[in-house]
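Please keep the sequence and the model open while reading.

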Amino acid sequence: MPEPDAPHPVDLHVGGKIRLRRKLIGMSQGALGDRLGLTFQQMQKYERGANRVSASKLQAIAVALGVKVSWFFEGLGDPTAERCGEDPIARTMDRFLATAEGFELARAFPGVPAGQRRSIVALARSLAEEDGNTPALQS
């Protein structure tokens, strides 16, 4: 059972999608906050899921970021899907891209020569296993 003060998984997902889209278009938290009449600290709280985004604010964020409101919920799936075996690969990819490091790695990775990409993947798997984390995706 999640802690009472822990952010709701939907708020974490929506916040991650806000961060992802903002970074994809090269906008800072401050610039997005300015467009919405908010501080960059409030944008940080939205992106971390610490503060829940209201429906009207989510609509304004969608306009500022050039996406439909439904885009923020893509990948979240059906609320009953977890009980029915929701796709763990999609969840892993969403969590990966929601991190600053994951986003930067995904952005740079296509520019790395193929042989070196395989070495990077092997290194990441090795580090994850060393840490006791089982890699979510196997090739």
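## A lysine and a histidine in helix 1

Lys 17 is found in helix 1, where helices are DSSP runs (H or I, at least four residues) numbered from the N terminus. The model is predicted, so that local features need pLDDT of at least 70 and side-chain atom pairs count only at pLDDT 80 or more, while totals for chains, interfaces and linings use all residues. Residues are numbered from 1 along each chain as its sequence is written, and side-chain values use heavy atoms, with hydrogens and water left out.

Lys 17 is buried yet has no salt bridge, and the nearest side chain of opposite charge, that of Glu 74, is 4.5 Å away. Here buried means under 20% relative accessible area, with a 1.4 Å probe and protein chains only, and a salt bridge needs a side-chain nitrogen of Lys or Arg within 4 Å of a carboxyl oxygen of Asp or Glu. Leaving aside neighbours within four places in sequence, Lys 17 is in contact with Trp 71, Phe 72 and Glu 74, contact being heavy atoms within 4.5 Å.

His 13 also has its place in helix 1, which spans residues 9-24, and His 13 is buried, with a relative accessible area of 12%. Beyond four places in sequence, the contacts of His 13 include Phe 72, Glu 74 and Asp 94.

## The nonpolar core

The largest nonpolar core has 19 residues, of which Ile 18, Leu 32, Leu 36, Met 43, Ile 61, Leu 65 and Phe 72 touch the most other members. Helix 1, helix 2 (29-36), helix 3 (40-48) and helix 4 (55-65) each supply at least two residues of this core, and helix 4 gives the most, with 5 residues. A nonpolar core is a set of buried Ala, Val, Leu, Ile, Met, Phe, Trp, Tyr and Cys residues joined through side-chain atoms within 4.5 Å.

Outside four places in sequence, Phe 72 is in contact with His 13 and Lys 17, and its other partners include Ile 18, Ile 61 and Leu 65.

## Helix packing

Helix 2 and helix 3 pack at an angle of about 105°, with their axes 8 Å apart, which makes helix 2 roughly perpendicular to helix 3, a term for angles of 65 to 115 degrees. Among the residues that meet here are Leu 32 and Leu 36 in helix 2 and Met 43 in helix 3.

Axes are lines fitted to C-alpha atoms, for helices over the stretch in contact, and angles run from 0 to 180 degrees between N-to-C directions.

How values were computed. Buried means under 20% relative accessible area, exposed over 50%, partly exposed in between (1.4 Å probe, protein chains only). Lys and Arg count as positive and Asp and Glu as negative; His and the chain ends are not counted. Angles under 35 degrees count as roughly parallel, over 145 as roughly antiparallel, 65 to 115 as roughly perpendicular and the rest as oblique.
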